[in-house]
Structures are given as C-alpha cells and as structure tokens.
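Here is a short note for someone opening this entry for the first time. Please keep the viewer open while reading the points.

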Amino acid sequence: MRPGIRLRLKRAWLKLRLALATSPLFRGFYRARRFALLAPHIHLADPSIAADIAAGQVVLGGRSLLCGDRSPFHVAPPSEGFVRALYGFGWLAHCDASPLPEVRAHARKLVRDFLKLSENRRSPFTDHPAVVARRVIAWVTHSGLLAEGEDRAGYERLLDQLARDGAILAVYARRSDLGVGRLQAAVGLAFHALALDRVRKAIPSAEQTLDLALAALVAPDGATHDRDCGTVALIAADLVAMLALYRARQIAPPPAITSTLSDMIAFLRLLQHPDGGLTLMNGGGRIPRDLAGEIIRSRRGTASLLTSAVETGFERLENAHAVLIADAGNPPRRSCAGRAGASALAFEFSSRGDRIITSCGMPTGADAGIARAYRSAAAHSSVLIDGDGLGTLHDVATVTGETETRLKPLSGAVAPLRARSETGETLTLGHRGFIDTHGYALERQLTLIDAFAGLIGRDRFDDLTGEAPHRVVTLAFHLNPRLLPVRLGRADAIILRLPEGKPGSDQFLFEAPGYQILIEESRVFEAGSPNSRSHCLLIEAEIAGSTEIGWRILPYMPEFT
C-alpha cells in the first residue's frame with residue numbers, strides 16, 4: 001500500500017524526532033544513575049517456561065522456536081508476534097520466578113545478547129511503541145534479576161538502553177496519531193520515571209504526559225477507545241503495579257491515575273462472566289482468567305457493578321441465575337480501530353455454572369489473515385445479511401511504517417433500551433447500518449428470564465420502505481467448547497449438553513420455532529484454555545419484507561418437552 005504525501009511527511013518527521021531523541025545528547029536527559037525501586041507485577045509466571053527457554057525451546061506469541069545453543073536474537077523468528085514478545089521481554093517474569101541459578105544466568109545472557117546487537121541488526125519491531133513500553137516495564141520490574149551479579153560495565157549498558165528507550169517513549173507518548181500506542185508509551189514512561197533514579201522533575205513530567213494520554217484515550221466508562229477488552233486489562237494491570245511504586249516512593253499518585261483505574265476495573269467487571277473470565281469479544285480472550293481476577297480484586301472496598309458502558313457500547317444483564325453481555329455497536333475511534341472486532345449486536349450468555357453462548361476469541365499468535373477472520377462478524381454470535389456483518393476490515397498504512405488492519409464499522413447504532421416485565425429484564429439493541437446496502441433495519445431483543453437460567457431472543461428485520469428485496473439472514477450462536485449439541489426429533493430444536501455439569505443444570509434446550517437449526521464446526525480461543533474445538537448453531541432464513549425470528553435457550557426438562 002503506497003502511503004500518501006501527508007503520511008510520508010508525518011513518517012519522515014517522526015523518524016527525525018526519534019533520531020534526535022536517541023542521539024547521545026538528548027538521550028542523556030533520560031539517563032538514570034541506577035535502578036531505584038523494584039516494580040511489582042500481577043502477571044502469572046511459570047518457572048517451567050523459563051527452564052524451556054534456557055534449554056533452547058522458546059515459545060512466544062503462540063509460536064515455538066528451537067534455537068538450541070544459539071540466541072533467539074540470532075535466529076530467524078517464526079512470526080511477527082514472536083518478535084514482538086521476544087523484544088518486549090515479558091518472558092523475564094518466568095525467569096525471575098525460577099530459583100535455578102543456571103536459568104537466571106541464561107536470562108541475563110539473553111539480555112546481554114540483545115544489548116550487543118547493533119541497532120541496524122535488531123528487528124524493525126524493536127522500537128514499536130508497545131514493544132518499547134513492554135521492554136521498559138519488564139526491565140524495571142525484573143531489575144533485581146538483571147543486576148544480579150552484573151559487573152559495572154554490564155550495569156551501565158542496561159542503563160544506556162533504558163535511557164534510549166525512555167527518550168523514544170517520550171516522543172511516542174506525545175503523538176496523537178498512534179492510537180492506544182500513545183497510552184502504552186505514556187505508561188512505560190511513567191514506570192521509567194518512578195523505578196529509576198533520575199532527575200527530580202522526571203516524575204512530574206511523566207505524570208503530566210500520562211494524564212494527557214489517559215484523557216485522550218480512555219472513555220469515561222473506563223474502556224480504551226479501541227474497544228479492546230484486552231488492552232483495558234493490560235493497562236489496568238500496569239496501573240495497579242504503578243500505584244505500588246507510588247506507595248514505595250511515599251508520594252501521592254495523581255488523581256487521574258487512581259480514578260481511571262477504578263473506571264477500568266468497573267468496565268472489566270461489566271465484561272466478566274461468572275466463571276471469572278472476560279467476554280471473548282474484542283480482545284478479552286487473550287487475558288487469562290487469573291489475571292482478570294487479580295485486577296478486579298485489586299480494587300479495595302465495595303464497588304457498584306456497572307451495567308452499561310454508554311460511551312463504548314457494551315451492556316450487561318444479570319440476575320441470580322445467568323449473565324448476558326452484549327455489544328450495542330458503538331464504533332471505535334478511527335486511529336484506534338486496529339484491534340476492534342465487527343461485533344455489533346453480538347452477545348454472550350452464561351448460566352451461573354457455565355458459559356453457553358460465546359464468541360470465537362482470537363488464537364494466540366494469529367497472523368494477519370487469521371486475525372482478520374476472527375475479528376469478522378462471522379466469528380461473533382451476531383447477525384449477518386447475505387453474509388455481511390455490520391463492519392468490514394481494511395488495511396491502512398500507519399505513521400510507524402506498518403500496515404494495520406482496521407475495523408470500518410457501519411454507522412447507525414441505536415441507543416439500547418431496557419425494560420422489565422413479569423418474565424425478566426429485556427435489553428433491546430438496534431442498528432440501521434444495513435438500510436442503504438440491504439434495505440433492512442435490525443432490532444435484537446434479549447430477555448433474561450428471572451425464574452431460571454434462560455434467555456429469550458427476538459431478531460426483527462424491518463423493511464422501512466416496503467421495497468426491500470429478498471435477502472438471506474444468518475443468526476450465529478457460537479457455543480462453549482464444553483457444550484455438546486445433540487439433535488432432537490425436530491429440526492428447530494437442539495439439546496446442549498455439559499458432560500461435566502451438575503445434574504439439573506447440565507442440559508439446555510435451544511430452539512427456534514419454525515426455523516431449521518444448523519450445526520457447524522467452530523473454534524473458540526481463550527488464554528489458558530486447552531480446548532478450542534467447538535460448534536456453532538446457525539439459523540438461516542430467506543426474508544422478503546419485515547420479518548421476525550424468535551429463539552430461546554432454556555434448561556432442558558425432558559418430561560415437559
């Protein structure tokens with residue numbers, strides 16, 4: 001993709017700014033005298049992974065590299081995701097958790113291998129905003145490991161690289177055209193100032209930069225403007241650790257940090273299922289359940305449960321028996337649309353024991369083509385007309401020189417409505433994005449039943465002009481991998497069995513009276529889950545004029561069926 005003149009000028013200006021920032025003169029402003037504080041973290045660490053790395057088997061970004069005695073920095077990487085993870089140094093957490101001296105020594109050797117690489121031999125992703133931020137946070141978090149037994153020359157090389165990275169982050173953290181990369185850079189810069197022994201004004205300067213980034217990229221409901229639940233969780237995890245650094249410094253954190261963290265935790269609670277995991281829509285599947293739980297538990301005191309993220313467009317219904325999480329279809333900001341999924345009008349449904357309806361999530365380390373497929377509307381429990389969802393994906397050249405796949409959503413999301421009846425609480429979602437292209441307005445009505453773990457759905461396709469053509473509509477329902485769909489004697493009903501469920505809550509009936517239900521293979525990906533094979537239930541119908549399709553999910557009681 002050939003960038004335009006304006007983009008080429010912006011790239012040239014950014015390149016010049018980075019070159020000046022990393023010059024010996026300017027990087028000196030970010031030079032620290034020593035590591036001052038050990039930053040904590042709440043990410044999970046596994047010493048067995050560190051042992052594998054020391055043995056030459058490196059698994060990062062969902063890909064494996066067998067490098068033997070060679071350094072992974074000197075071997076051709078298997079994927080882009082592997083490179084980003086390698087140069088981000090998040091794997092140091094596993095090495096720091098290991099008590100074995102040889103494993104810890106190998107981690108320091110790998111860091112020295114990186115430092116010995118000349119800048120023109122390093123990967124182009126080395127200086128990507130998110131990668132630099134992760135590297136700085138990893139190094140100050142595991143500075144005890146890096147400095148363990150290190151001589152003065154090696155210690156100075158560490159500080160030199162951190163000075164260079166701090167200067168780079170300062171440039172990125174002030175760029176309004178980087179999307180959430182700006183926020184990631186600002187968070188990394190704050191860690192740089194708090195954990196290193198730098199000049200006194202470093203902390204106030206980093207705080208001001210972070211305040212501006214938080215105001216620009218975090219919505220009032222606590223979500224980042226990319227609508228990526230995974231981004232929210234990872235930034236929140238960093239802010240939890242950052243507050244610990246403030247306590248260690250015995251200085252009060254800026255109010256913006258504490259209030260934003262509270263908003264983020266409330267947003268994550270809105271997207272949390274009863275099993276502890278986040279919704280798999282929009283990046284939530286890359287966050288392990290344990291990490292999500294640690295972030296949410298970090299908030300002290302009682303907190304009200306957010307049921308509607310108005311700015312971002314997520315909704316939650318909950319009662320004593322079940323939880324429903326839905327996407328009302330608000331679009332992400334254009335510069336932040338590189339991770340968002342086409343999930344408008346999608347929903348996920350859980351009983352108190354198990355998830356029933358979910359989304360496909362995203363495979364770890366997915367390349368561009370696979371990631372595009374799992375961000376599409378078909379990978380969500382949503383609505384399609386003639387195979388089209390309420391958003392498309394397209395490639396865009398960015399100021400950092402990459403090609404980013406961004407979501408281009410259809411405009412026309414309708415504000416959600418809530419109502420209560422004797423049956424339960426009803427959430428009504430709507431979208432008018434298909435009117436121009438397909439002739440129909442959509443309305444999805446979801447009722448969470450009060451008496452038991454059940455859901456009643458009604459999808460309406462309104463022909464507003466009376467001239468809409470014949471169309472084929474598809475309703476998709478992706479199932480929890482633990483669910484086994486079994487056909488009944490009629491085409492419009494399916495039994496969903498949980499082989500390991502508790503008696504009385506181990507079977508559900510999915511039915512759509514008058515419509516045939518198809519069963520297709522699917523994949524559902526969640527970090528830490530060993531099983532991704534699943535199924536998808538499909539309702540396909542040809543419509544001409546206004547049409548309503550009803551369906552429901554109920555506990556299965558054979559004696560009443």
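1. Overall make-up. The chain holds 16 helices and 21 strands. Its radius of gyration is 25 Å, close to the 24 Å that the globule rule gives for 561 residues, so the chain is as compact as a globular protein of that length. Bear in mind that this is a predicted model.

2. Dimensions. Along the principal axes, the C-alpha atoms occupy a box of roughly 75 × 55 × 45 Å.

3. Of the 561 residues, 55% are buried.

4. Contacts along the sequence. Take the contacts between residues at least 6 apart in sequence. Of these, 67% link residues at least 24 apart.

5. Charges. The chain carries 66 positive and 59 negative charges.

6. Strand 14. This strand spans residues 455–462. How many of its eight residues are buried? Six are, so strand 14 is largely enclosed by the rest of the structure.

7. One partner, strand 13. Strand 13 covers residues 441–449 and runs antiparallel to strand 14, with eight bridges joining the two. A hairpin of five residues connects strand 13 to strand 14. Among the bridges, Arg 444 has Asp 459 of strand 14 as its partner.

8. Another partner, strand 21. Strand 14 also pairs with strand 21, residues 547–555. The pairing is antiparallel and runs over seven bridges. Here Arg 460 has Glu 548 of strand 21 as its bridge partner. Strand 14 therefore deserves a look from both pairings, given that six of its eight residues are buried.

9. His 273. Where does His 273 sit? It lies in the loop between helix 13 (255–270) and helix 14 (289–297). Is His 273 buried or exposed? Its relative accessible area is 2%; buried means under 20%, so His 273 counts as buried.

10. Around His 273. Not counting residues up to four places away in sequence, His 273 touches Leu 278, Thr 279, Ile 325, Glu 348, Phe 349, Ser 350 and Arg 355. Pro 129 is 144 residues away along the chain, and the C-alpha atoms of Pro 129 and His 273 are separated by 31 Å.

Conventions. Residues numbered from 1 in each chain as written. Predicted model: local features only at pLDDT ≥ 70, side-chain atom pairs only at ≥ 80, totals over all residues. Heavy atoms only, no water. Helix = DSSP H or I, 4+ residues; strand = E, 2+ residues; numbered from the N terminus. Rg over C-alpha atoms; globule rule 2.2 N^0.38 Å. Buried < 20%, exposed > 50% of the residue type's maximum accessible area, 1.4 Å probe, protein only. Contact = heavy atoms within 4.5 Å. Lys, Arg positive; Asp, Glu negative; His and termini not counted. Charge placed at Lys NZ, Arg CZ, Asp CG, Glu CD. Pairing = 2+ DSSP bridges.
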